[in-house]
Amino acid sequence: MERSQSSRTIIMKRKRRKYNRNFFKNNFVNSSIKSLPNELLSEIVARVASSSFLDYINVKFSCKIFNGVSNDPYVYRHISLEEFPIGGCSWKSENEENENKLSLFMRTCMESGNPEALYRKGVVDFFRKERP
């Protein structure tokens, strides 16, 4: 059973839709990440940060929205500090600016109530005072 010549030409002559930039801007803005509430975005970033600090940095640099949400105290409360050594004094770096950024990061985690940061601060304070 063969198709007629006219049906073949109809199938082959499908028109492609042409979209301009305005079509995408107008029709897909509502489905973007901007439409999600900030509480949901901060929960997403907090869950990523709780698994790995490196993943937190990657999410923070991925877009402006995640970068803004990543400074929420809720996110700092859930950041995993596995990659960091215990105590601020062990962060020896050639650059004093990096050392200040790390201590500011740890201070922000402690102020936000991060249990890992508070535990580490307690351990460092306990052993600095040379208690038996």
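This is a predicted model: local features need pLDDT of at least 70, side-chain atom pairs count only at pLDDT 80 or more; totals for chains, interfaces and linings use all residues.
Reader: Why is Leu 40 called partly exposed?

Author: Leu 40 has a relative accessible area of 39%.

Reader: What makes Leu 36, Leu 40 and Ile 44 a patch?

Author: They form a nonpolar patch on the surface, and their accessible area together is about 210 Å². Leu 40 has its place in helix H3.

Reader: How do you know that Val 45 is buried or exposed?

Author: Its relative accessibility is 1%. The buried class is anything under 20%, so Val 45 counts as buried. Val 45 is also in helix H3.

Reader: What does Val 45 touch, beyond its neighbours within four places in sequence?

Author: Tyr 56, Val 59, Phe 66, Val 69, Ser 70 and Val 75 are in contact with Val 45. As for Asn 67, it sits 22 residues from Val 45 in sequence, with 9.4 Å between the C-alpha atoms.

Reader: How do you describe the way H3 meets H4?

Author: Two packed helices are described by the angle and the distance between their axes. Here the axes of H3 (residues 38–51) and H4 (residues 53–62) cross at roughly 145° and come within 5 Å. H3 brings Val 45, Val 48, Ala 49 and Ser 51 to the contact, while H4 brings Phe 53, Asp 55, Tyr 56 and Val 59. By class, that makes six nonpolar residues, one polar and one charged.

Reader: Why is Glu 43 with Arg 47 called a salt bridge?

Author: Their closest N and O atoms are 2.9 Å apart. The cut-off is within 4 Å, so the pair qualifies. Glu 43 and Arg 47 are four residues apart in helix H3, so about one helical turn separates them. Arg 47 is exposed because its 59% is over 50%, whereas Glu 43, at 24%, is partly exposed.

Reader: How many salt bridges does the rule give, then?

Author: Two. The other pair is Asp 125 with Lys 121, at 3.3 Å from N to O, so that distance is within the 4 Å limit too. Both residues lie in helix H8 (residues 115–128), four residues or about one turn apart.

Reader: What makes Asp 125 and Lys 121 partly exposed?

Author: Asp 125 has 26% relative accessibility and Lys 121 has 38%. Those values lie between the 20% and 50% cut-offs, so partly exposed is the label.

Terms used. Residues are numbered from 1 along each chain as its sequence is written. Side-chain values use heavy atoms; hydrogens and water are left out. Axes are lines fitted to C-alpha atoms, for helices over the stretch in contact, and angles run from 0 to 180 degrees between N-to-C directions. Helices (H or I, at least four residues) and strands (E, at least two) are DSSP runs, numbered from the N terminus. Contact means heavy atoms within 4.5 Å. Ala, Val, Leu, Ile, Met, Phe, Trp, Tyr, Cys and Pro count as nonpolar, Asp, Glu, Lys and Arg as charged, and the others, Gly among them, as polar. Patches are made of residues with over 30% relative accessible area and no salt bridge: like charges are joined within 9 Å, nonpolar side chains (Val, Leu, Ile, Met, Phe, Trp, Tyr) within 5 Å. Accessible areas come from the Shrake-Rupley method with a 1.4 Å probe; for residues, only the protein chains shown count as cover. A salt bridge is a side-chain nitrogen of Lys or Arg within 4 Å of a carboxyl oxygen of Asp or Glu. Buried means under 20% relative accessible area, exposed over 50%, partly exposed in between (1.4 Å probe, protein chains only).
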